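Subject: The structure, and what turned up in it

Hello,

Here is the structure I promised to hand over. Please open it first, then read on.

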Protein chains: 4
Amino acid sequence: MTNAQITLVQLDNYGPWTVTPEPRREADLQTMQSRLFADLSQFFGTRDGYVFFTRFDNMIAVTNGADLEDHARVQESIRNRYPVTVSLGIGTGASPTDALVDATAHLQAAGSAQDAERREVLGGQPLADDERADDDVHIAHFDVNDATGKYTDELDAFSTFVRIEQGYASLMRVLHDEYGGLGFFVGGDNVVAIVPELDRAAYEAVIEHVRAEADMSLKVGVGSGHTATDAGLAAKHALERCREDGTIVEGDV
Amino acid sequence: MTNAQITLVQLDNYGPWTVTPEPRREADLQTMQSRLFADLSQFFGTRDGYVFFTRFDNMIAVTNGADLEDHARVQESIRNRYPVTVSLGIGTGASPTDALVDATAHLQAAGSAQDAERREVLGGQPLADDERADDDVHIAHFDVNDATGKYTDELDAFSTFVRIEQGYASLMRVLHDEYGGLGFFVGGDNVVAIVPELDRAAYEAVIEHVRAEADMSLKVGVGSGHTATDAGLAAKHALERCREDGTIVEGDV
Amino acid sequence: MTNAQITLVQLDNYGPWTVTPEPRREADLQTMQSRLFADLSQFFGTRDGYVFFTRFDNMIAVTNGADLEDHARVQESIRNRYPVTVSLGIGTGASPTDALVDATAHLQAAGSAQDAERREVLGGQPLADDERADDDVHIAHFDVNDATGKYTDELDAFSTFVRIEQGYASLMRVLHDEYGGLGFFVGGDNVVAIVPELDRAAYEAVIEHVRAEADMSLKVGVGSGHTATDAGLAAKHALERCREDGTIVEGDV
Amino acid sequence: MTNAQITLVQLDNYGPWTVTPEPRREADLQTMQSRLFADLSQFFGTRDGYVFFTRFDNMIAVTNGADLEDHARVQESIRNRYPVTVSLGIGTGASPTDALVDATAHLQAAGSAQDAERREVLGGQPLADDERADDDVHIAHFDVNDATGKYTDELDAFSTFVRIEQGYASLMRVLHDEYGGLGFFVGGDNVVAIVPELDRAAYEAVIEHVRAEADMSLKVGVGSGHTATDAGLAAKHALERCREDGTIVEGDV
């Protein structure tokens with residue numbers, strides 16, 4: 001069973017702010033965006049959630065275990081420390097994609113992302129405690145087989161980046177369109193996906209798809225748990241077993 | 001004329017560190033990576049450079065104007081404040097892609113990115129002052145026409161993300177393969193590219209390519225300057241003229 | 001009734017680290033220390049605690065409401081993101097000073113702060129849930145009457161600083177020696193003290209003591225609550241009433 | 001010869017902001033203040049300056065080597081990334097105290113620190129290049145003899161803090177009133193002072209003064225240089241010689 005709680009974090013009216021009264025320096029924007037993401041990652045990450053930077057002005061978080069008060073607290077903390085504010089939409093569902101559709105709808109219903117009047121929306125409802133179970137969250141942690149040997153140490157840095165991105169794009173599409181999963185590049189050669197419960201054959205098919213479409217060899221560790229941290233650490237340990245044993249799918253499948 | 005100075009920032013032996021003695025929590029890694037990127041962006045950004053997060057363990061920076069001492073200083077600063085160290089490869093060239101190949105070669109020559117003995121390499125040479133000119137750096141700042149209206153406010157957040165990523169992947173490939181440019185997603189619906197000097201027809205062809213391949217409408221502002229900041233701010237102002245006038249290519253073309 | 005839970009945060013073997021293999025740049029140390037403090041303030045602060053920077057290598061926190069798991073989590077998070085580690089001693093007591101003596105003892109029992117072998121101690125026990133009450137934490141928030149008009153806008157910045165520090169030193173001594181309270185400068189002209197339950201006459205005596213000893217006029221807002229945040233916000237609101245009404249003691253006295 | 005360039009960094013209208021529309025949570029203020037200080041320390045620190053947190057809403061920096069453009073750049077960077085802005089007053093003089101009086105005067109002349117209309121002042125003039133010499137900056141780095149053995153490992157953490165603060169207060173007063181120096185607590189048991197050129201007898205007298213007044217034994221390393229970093233590193237190395245040789249004054253005296 002899957003019971004994902006997804007939070008969409010959207011910077012309020014951010015695009016217009018970046019060019020008002022005139023375009024702000026890109027380096028300052030990059031610094032501010034990545035610090036804000038880091039703060040969210042620290043906040044939800046120490047409450048057993050995961051945050052993905054996604055587009056930076058729209059970030060997606062797995063927040064099973066965080067309640068409304070937690071969401072209101074981080075919203076206030078950002079208002080007190082940054083020149084921008086955030087809106088938060090919380091969604092739940094049997095598949096991660098459904099949960100995100102739900103989360104997005106709460107923000108879209110409140111107005112446009114570039115509506116100057118729409119600020120600090122807090123929409124949607126977290127899972128109640130009695131709805132939660134020990135296998136609510138399923139995480140699949142993918143990486144590229146020998147990325148350092150095949151790419152980083154062989155190609156120039158941008159060509160490696162393009163190769164990794166292509167494999168990643170193929171992976172995120174197939175996970176989303178075929179399986180209701182949400183995959184995110186998290187740096188290096190790693191993709192972390194929040195997924196429904198899938199069996200071994202599904203993961204083998206996903207890996208084969210990426211090999212055929214993007215000529216990239218992946219392996220994956222799969223974990224499940226009460227929270228993203230539980231599931232994610234289990235997935236990482238499973239991925240280590242792939243490394244040790246030369247297998248391509250390990251873990252809770 | 002183009003005279004790009006590119007620095008490749010590579011975390012030393014980072015992959016193994018993330019799983020030693022056992023896998024570290026992903027949220028901590030995300031927080032640490034994004035803070036480290038923010039510090040580099042602040043450091044080079046206030047010295048008129050641009051840093052792109054790329055894969056986070058491999059970051060690419062445009063560093064025209066930063067000398068060897070600056071590079072050594074930031075390397076020391078990171079060693080003193082983070083649990084990881086960085087190697088820096090500096091490359092120069094008539095095209096950004098050539099400069100990056102040069103930068104990458106300095107690190108690859110010193111050993112593997114996952115060689116435990118290879119730490120804090122500082123390779124390559126910045127441009128000498130008498131080699132520098134007022135139009136050394138060319139930057140093209142792209143964004144998506146009405147991304148908020150067409151995507152953010154209409155699709156769920158992941159579908160928007162997938163659409164933006166696809167357009168971006170198409171753009172970065174054509175810039176790299178056909179024109180010697182390096183394009184980077186910088187958040188929202190924005191791509192900043194460090195490019196050779198290109199004419200209006202080239203930009204129109206790039207935009208048409210992305211429209212045909214990824215069904216995404218872009219516009220672009222182009223600027224040139226002594227440094228990335230000069231060129232980048234000029235590009236942003238040109239992009240504002242696109243917004244005001246409904247045009248798709250403005251600036252120094 | 002008071003029931004303070006105090007955590008002593010001590011950087012492990014920090015002094016020797018700052019000069020090994022040779023003295024590290026002071027600016028890097030300052031940046032690292034203040035970022036580490038900020039992270040602790042964010043961590044405990046969003047769990048309704050307060051952290052004071054104190055000596056930076058020894059920080060004192062009011063942590064009512066944070067359990068052992070929270071303490072272990074922040075210890076791990078710092079290990080994963082900084083070049084240094086922290087030990088944590090947790091103490092409780094009817095007065096804040098007793099609680100801190102208890103917290104300190106847990107670390108001193110485990111070894112010297114400069115013992116290279118003593119790392120990441122986690123000693124002491126938080127309050128059990130059934131020991132906690134709604135008035136466990138008492139906070140007194142002091143500020144200087146018209147500090148901007150009398151000092152900041154009149155004296156040079158260092159002379160103002162010396163004047164503020166003298167008043168603060170007088171205040172922290174009398175609170176500690178006479179009343180079992182722990183006062184901390186928190187910036188500007190503000191001192192936040194974690195105190196036992198005290199009556200109005202006690203606060204008037206404290207203020208008179210500082211006026212006589214350091215020629216500085218203070219006012220104070222006092223609050224109590226289940227956590228430092230509850231008590232601290234109540235104290236701030238009480239201090240606002242002092243400002244509005246021209247009084248010198250307001251709140252829960 | 002001394003030729004100090006001191007910058008006073010003052011948060012604009014900060015006190016009122018912290019209580020508008022109602023009091024903001026102290027933990028958020030502490031986090032924001034310390035991050036802002038860290039950014040300034042990183043900015044000026046990698047330009048060979050020193051920043052001291054002082055009162056956090058008023059920070060004092062030694063900025064020999066930073067020009068007007070650098071000051072304007074950091075002012076812009078903070079505006080782009082924080083909810084508050086800063087004013088900067090630059091002063092120069094034969095003694096650090098004179099330089100700070102000059103720096104302060106530039107801000108006071110522009111209006112009150114709590115004037116809502118006074119924002120982002122940039123007043124005063126940095127040293128011209130031809131006014132600068134290799135011994136412009138003199139730094140004395142003090143620490144307490146065996147602070148860990150005598151205090152940290154023996155007393156409770158607050159009593160240690162009180163003892164260190166008392167010694168520090170005595171030191172900063174005598175340096176300021178008798179010698180024109182500015183001393184700042186920088187964490188642990190360390191005080192860094194920006195001073196005029198003083199001889200050995202002066203340092204011995206200062207140390208004796210603190211021993212007599214505050215019963216605390218200090219030692220000091222003294223360095224001079226073109227910038228704060230040069231002088232400060234020399235002072236640190238001199239302090240190491242004190243540690244090795246059991247002396248109380250070493251370095252450039």
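A polar contact is a pair of N or O atoms within 3.5 Å; within protein, one must be able to donate a hydrogen and the other to accept it. Keep that in mind for the counts below. Also note that this is a predicted model.

**Chains D and C**

How many residue pairs are in polar contact between chain D and chain C? There are 34, with both residues of each pair at pLDDT 80 or more. Helix α2(D) brings the largest share, 14 residues. Sorted by class, that side of chain D has 28 nonpolar, 27 polar and 18 charged residues.

Now the area. Chain D and chain C bury about 5,900 Å² between them. Carbon and sulfur atoms give 60% of it. On the chain D side, D:E26, D:R55 and D:F158 lose the most area to chain C. Together they make up 13% of what that side buries. The contact draws on 73 residues from chain D and 73 residues from chain C.

Four salt bridges cross this interface. One pair to look at is C:R35 with D:D39, whose side chains meet at 2.8 Å, N to O.

How are the two copies related? Chain D can be laid on chain C by a turn of 180° and a shift of 0.0 Å along the axis, with an RMSD of 0.0 Å. The two copies are therefore related as by a two-fold rotation axis. Both copies use the same surface: 100% of the contact residues of chain D recur in chain C.

**Chains B and C**

Next, turn to chain B. Here 17 residues of chain B are in contact with 17 residues of chain C. The two chains bury about 1,600 Å² between them, with 37% of it on carbon and sulfur atoms.

Six salt bridges link chain B and chain C. In one of them, the side chains of B:R25 and C:E76 meet at 2.8 Å, N to O. Two helices of chain B, α2 (26–45) and α3 (68–81), each supply at least two residues of the side that touches chain C. That side of chain B divides into nine charged, four polar and four nonpolar residues. Polar contacts between chain B and chain C come to 12 residue pairs, both residues at pLDDT 80 or more.

**Salt bridges**

Over all chains, the structure holds 56 salt bridges.

Start with D:R35 and A:D39. Their side chains meet at 3.1 Å, N to O. D:R35 lies in helix α2 (residues 26–45) of chain D and A:D39 in helix α2 (residues 26–45) of chain A, so the pair joins two chains. Are these two buried or exposed? Buried means under 20% relative accessible area. D:R35 is at 6%, so D:R35 counts as buried. A:D39 is at 3%, so A:D39 is buried too.

Then go to B:R79 and B:E120. Their closest N and O atoms are 3.0 Å apart. B:R79 lies in helix α3 of chain B, and B:E120 lies in the loop between α4 (96–110) and β5 (122–123), so the pair ties together parts that are 41 residues apart in sequence. B:R79 is partly exposed at 35% relative accessibility. B:E120 is partly exposed as well, at 24%.

D:R243 is in helix α8 (residues 228–245) and D:D143 in strand β6 (residues 137–144). The pair links distant parts of chain D, 100 residues apart. D:R243 is partly exposed, with 38% relative accessible area. D:D143 is buried, at 3%.

Some bridges share partners. Such salt bridges join A:R35, B:D39, B:R81, C:R35, D:D39 and D:R81 into one network.

Best wishes

Methods: Residues are numbered from 1 along each chain as its sequence is written. Chains are lettered from A and ligands numbered from 1 in the order in which they are written. This is a predicted model: local features need pLDDT of at least 70, side-chain atom pairs count only at pLDDT 80 or more; totals for chains, interfaces and linings use all residues. Side-chain values use heavy atoms; hydrogens and water are left out. Contact means heavy atoms within 4.5 Å. Buried area is the accessible area (1.4 Å probe) that two parts lose on being put together, summed over both. A polar contact is a pair of N or O atoms within 3.5 Å; within protein, one must be able to donate a hydrogen and the other to accept it, and residues adjacent in sequence count only if both atoms are side-chain atoms. Helices (H or I, at least four residues) and strands (E, at least two) are DSSP runs, numbered from the N terminus. Ala, Val, Leu, Ile, Met, Phe, Trp, Tyr, Cys and Pro count as nonpolar, Asp, Glu, Lys and Arg as charged, and the others, Gly among them, as polar. Copies are superposed by least squares on the C-alpha atoms of residues with pLDDT of at least 70 in both. Buried means under 20% relative accessible area, exposed over 50%, partly exposed in between (1.4 Å probe, protein chains only).
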